[in-house]
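Please look over the sequence and the model below, and keep both in view while reading. The paragraphs that follow go through the structure one feature at a time.

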Amino acid sequence: MEAADKPSSAAYRNLVLATVGFTLTFWAWNLIAPLSGDYKDRLGLSSFEQSLLVAVPVLVGSLGRIPAGALTDRYGAKLMFPLVSALTIVPVLLLIPAKNSYGAMLVVGFLLGLGGTTFAIGVPLVNSWFPPVHRGFAIGVFGMGMGGVALSGFFTPRIAKLGEDMPFYVVAIALAVYALLAAALITDRPGRPVPTSSLAARLGQAGRLRVTWELCALYAIGFGGIVAFGVYLPTYLKTWYELSPTEAGTKAAGFALMTVIFRPVGGWLSDRIHPALVTAAALGFVALWAIVQAFDPQLAPVGTLAFLCMAAGLGTASGSVFALVAQVTPQPQVGSVTGMVGAAGGLGGFVPPLVMGAVYSAKGSYSIGFMLLSDLALAGCVYAYGRMRNIRPGADEIRSAQAAARA
């Protein structure tokens with residue numbers, strides 16, 4: 001391997017710092033969900049009000065990735081990572097006085113969405129530091145920071161047993177320490193292209209790239225599937241297999257862990273095989289096991305195997321899609337495109353639970369829902385293979401991005 005293809009020590013330092021920051025801010029982003037049952041009892045919430053309370057930070061965080069990515073293109077991760085981490089401390093601490101008011105909790109939940117934007121800050125940072133032959137794996141490792149949601153689900157309620165406000169103090173202190181470290185140690189790659197056009201112009205430019213919307217669609221299936229199962233899998237397991245809340249939560253945590261493990265696998269494979277082929281294979285694998293689950297097998301062993309295989313496929317696809325982002329997006333626009341694609345992934349997870357719930361209410365079965373998942377995954381498989389495997393940054397797209405940077 002040539003020296004130019006070897007990542008520098010600075011590249012690995014920035015990767016570690018970005019991954020830690022992504023994990024911590026995602027923990028903060030998910031602080032409300034593990035405690036939503038307590039809030040429901042305290043505030044006398046309906047199921048819809050409880051769902052809205054959990055959904056607000058997720059929706060805001062997903063949409064907030066769009067401007068966060070564009071701002072990172074302009075100002076760099078050295079400013080954006082510590083700034084967003086520090087600002088996230090504010091809503092984390094505001095959860096303490098807001099806990100007795102539903103309206104106040106909604107407002108604080110809106111602000112807490114800020115923590116969900118760091119994905120769009122870390123991807124352009126990691127992408128700029130690593131050479132193309134290592135980008136897939138590096139971005140996959142960074143993507144493991146989404147495990148912060150699982151960490152929050154496991155540790156937040158346990159820390160709360162030491163004191164109901166203790167999780168917020170712990171996370172706030174961790175974010176403060178990280179913000180100081182990030183300000184001192186994160187560095188933007190020297191010579192990175194810096195666009196000078198306005199935020200609106202750069203987002204419009206990214207939106208005019210066809211590849212942006214293609215990547216959005218693929219990521220909405222891959223990562224959207226992860227979000228959907230994270231939200232709905234415990235309900236499905238309790239309703240259909242009559243598991244206790246603890247058993248359902250444990251199995252759902254196993255699903256989440258599998259997606260985290262296989263995300264860097266998707267990136268690693270994409271460094272060796274075209275990421276579109278990895279995406280196609282992963283989504284085809286998901287489609288196969290979704291069909292198996294549609295026939296309502298016994299949970300042990302076939303049902304459990306089906307869910308773990310779907311988790312592996314969705315995690316792999318999530319990693320490979322962002323390897324594809326790094327490969328086909330003009331460098332000055334990686335942040336903007338990352339923001340839009342990341343938003344699509346987060347938002348893509350909220351339609352399937354609604355569909356699954358509606359199907360079960362109407363038919364008393366989840367089979368149609370899993371068949372719809374298989375159809376969607378198969379469509380993504382066919383499109384990734386048929387269209388995306390030959391795509392490269394075209395001359396028109398590069399000229400367009402350069403024009404936007406000069407505007």
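In this predicted model, the second largest pocket is lined by 20 residues. Those nearest its centre are Ala228, Pro352, Met356, Gly369 and Leu373. The space in the second largest pocket comes to about 370 Å³. Which elements give two or more residues to its lining? They are H11, helix H16 (351-363) and helix H17 (367-386). H11 gives the most, with nine residues. By type, the lining of this pocket divides into 16 nonpolar residues, four polar and no charged.

Helix H11 (residues 210-240) also holds Tyr219 and Phe223, which are four residues apart, about one turn of the helix. An α-helix has 3.6 residues a turn, so residues three or four places apart point the same way. The structure holds 21 aromatic pairs. Tyr219 and Phe223 form one that is stacked, with 5.3 Å from centre to centre and 5° between the planes. Both Tyr219 and Phe223 are buried.

A second pair can be set beside this one. The ring centres of Phe285 and Trp289 are 6.3 Å apart and their planes stand at 70°, so this pair is edge-to-face; planes over 60 degrees apart are counted that way. Phe285 and Trp289 lie in helix H13 (residues 275-294), and being four residues apart they are separated by about one helical turn. Are these two residues buried or partly exposed? Phe285 has a relative accessible area of 33% and is partly exposed, while Trp289, with 16%, is buried.

Tyr219 and Phe223 also belong to a cluster linked by ring pairs, together with Phe22, Phe26, Trp29, Phe119, Phe142 and Phe322. Phe142 is one of the buried residues of H7, among them also Arg135, Ile139 and Val141. Helix H7 (residues 132-143) has 12 residues and reaches 17 Å from its first C-alpha to its last, close to the 16 Å expected.

Helix H1 (residues 9-29) has 21 residues, which should span 30 Å at 1.5 Å a residue, and its end C-alpha atoms are 30 Å apart, in agreement. Why can H1 be called largely enclosed by the rest of the structure? The reason is that 16 of its 21 residues are buried.

Charged side chains also meet rings. The charged end of Arg389 sits over the ring of Tyr385, 4.1 Å from the ring centre. Arg74 lies over the face of Tyr75, at 5.2 Å from the centre of that ring. Another charged residue, Lys40, lies in helix H2 (residues 36-43). Lys40 counts as partly exposed, because its relative accessibility is 28%.

The last topic is the backbone. Most residues other than glycine have a negative phi, and most peptide bonds are trans. The peptide bond from Ala300 to Pro301 is cis, with omega near 5°, and Pro301 lies in helix H14 (residues 299-328). Glu242 has a positive phi, near 55°, and is not a glycine. Glu242 is placed in the loop between H11 and helix H12 (245-272), and at 69% relative accessibility it counts as exposed. Asp296 has a positive phi too, of about 55°. Asp296 is found in the loop between H13 and H14, and with a relative accessible area of 25% it is partly exposed.

Note on methods: Residues are numbered from 1 along each chain as its sequence is written. This is a predicted model: local features need pLDDT of at least 70, side-chain atom pairs count only at pLDDT 80 or more; totals for chains, interfaces and linings use all residues. Side-chain values use heavy atoms; hydrogens and water are left out. The expected span of a helix is 1.5 Å times one less than its number of residues. Buried means under 20% relative accessible area, exposed over 50%, partly exposed in between (1.4 Å probe, protein chains only). Rings of Phe, Tyr and Trp (its six-membered ring) pair if their centres lie within 6.5 Å; planes under 30 degrees apart count as stacked, over 60 as edge-to-face and the rest as tilted. A charge sits over a ring if NZ of Lys or CZ of Arg is within 6 Å of the ring centre and within 35 degrees of the ring normal. On a 1 Å grid over the protein atoms alone, a cavity is a set of points where a 1.4 Å probe fits but cannot get out, and a pocket is an open set with protein on both sides within 12 Å along at least five of seven lines; lining residues have an atom within 4 Å of a point. Grid points are joined across faces, edges and corners, and a volume is the space filled by probe spheres set on the points.
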